[in-house]
Amino acid sequence: MADKKFYVVWVGKTPGIYSTWAQCKEQTDAFPQAKYKSYPSEAEARAAYERGWQKSLNFGAKKKSAGAAVTPAEVPEIDYNSLSVDVGCSGNPGIVEYKGVDTQTGEVIFYRGPISKGTNNMGEFLAIVHALAYLKQQGSTKTIYTDSITALSWIRKKEVASNLVRDSSTEEIWTLVDRALQWLRTNTYPNKIVKWDTKKWGEIKADFGRK
């Protein structure tokens, strides 16, 4: 069972402290510049709520290396003219599904699943490539957000370093991954792929809510 979390919403439809991710998501989905974060205890959540989002999300903190104040340019805001992608995985390996949503509105732009057996990282990788292919088809230069460092690395290298065995149970996802790799190696794209900063911005907008 997942550990209990409490969710602080500083900027949202109704600011406050919520006991479930679903409640938090309801207050922040499609809300411009929403500010929220999860905490492991109600006491920590209440203290953070009273501090305000600027201090709790480290806005205006000092750089450790140089000791200089962080400027707004060094702490970029979310680019809402973008797509956000995420994966839902029931077990790892397990059943995989992924989706891409409009970061501003939360509208689901594409969804794929269930894929019978795969890993979380493979699903994240497929979601990014799906977003790239979709945006290229649309002639769009929108940014893509992902919260997976591993998938970003695979995109850059155009290689998938997964230990998932290739057999009849994993044939579906490996076929999709091989197809995605082929697309990456034969296409160019102008889109930025950016790591979603969960610490500052809360859960990625495409999150499946399975916390």
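**Ground rules**
I am working with a predicted model, where local features need pLDDT of at least 70, side-chain atom pairs count only at pLDDT 80 or more, and totals for chains, interfaces and linings use all residues. I number residues from 1 along each chain as its sequence is written, and side-chain values use heavy atoms, with hydrogens and water left out.

**Entry 1: the sheet**
I began with the strands (DSSP runs of E, at least two residues; helices are runs of H or I, at least four residues; both are numbered from the N terminus). Five of them make an open sheet with mixed pairing, in the order E6-E5-E4-E7-E8. Strand E6 (108-118) and strand E8 (193-195) are at the edges with a single partner strand each, so one side of each has no neighbour in the sheet. Neighbouring strands are turned by 20° against each other on average, direction ignored. Pairing here requires that DSSP finds at least two bridges between two strands.

I then looked up how E7 (residues 143-146) meets E8: the two run parallel and are joined by three bridges. Tyr-145 has Val-194 in E8 as its bridge partner.

**Entry 2: the helix across the sheet**
Helix H6 (residues 171-186) lies across strand E5 (94-102) and E6, and runs at about 130° to E6. For my own reference, axes are lines fitted to C-alpha atoms, for helices over the stretch in contact, and angles run from 0 to 180 degrees between N-to-C directions.

In E6 I stopped at Gly-113. Gly-113 is partly exposed at 29% relative accessibility; buried means under 20% relative accessible area, exposed over 50%, and partly exposed in between (1.4 Å probe, protein chains only). Leaving out residues up to four places away in sequence, Gly-113 touches Val-96 and Glu-97, where contact means heavy atoms within 4.5 Å.

Next I checked the UniProt record, whose unreviewed entry annotates Asp-86 and Asp-207 as "binding site". They are spread over 122 residues of sequence, yet the largest C-alpha distance is 5.7 Å. I keep in mind that UniProt positions are in the numbering used here, feature names are shortened, and annotations may be inferred rather than shown by experiment.

Asp-86 is in strand E4 (residues 82-91) and is buried at 4%. Its contacts beyond four places in sequence include Lys-99, Glu-124, Asp-147 and Asp-207.

Asp-207 is in the segment after H7 and is buried at 3%. Beyond four places in sequence, Asp-207 is in contact with Trp-21, Lys-25, Asp-86 and Lys-99. The side chains of Asp-207 and Trp-21 make a polar contact at 3.1 Å (a pair of N or O atoms within 3.5 Å; within protein, one must be able to donate a hydrogen and the other to accept it, and residues adjacent in sequence count only if both atoms are side-chain atoms).

Glu-124 sits in helix H4 (residues 120-138) and is buried at 3%. Asp-147 is in the loop between E7 and helix H5 (149-157) and is partly exposed at 23%. Among the contacts of Asp-147 are Asp-86, Glu-124 and Trp-196.

**Entry 3: Lys-205**
I finished with Lys-205, in the segment after helix H7 (198-201). Lys-205 is buried at 7% relative accessibility. Its contacts beyond four places in sequence include Thr-28, Val-101 and Trp-196.
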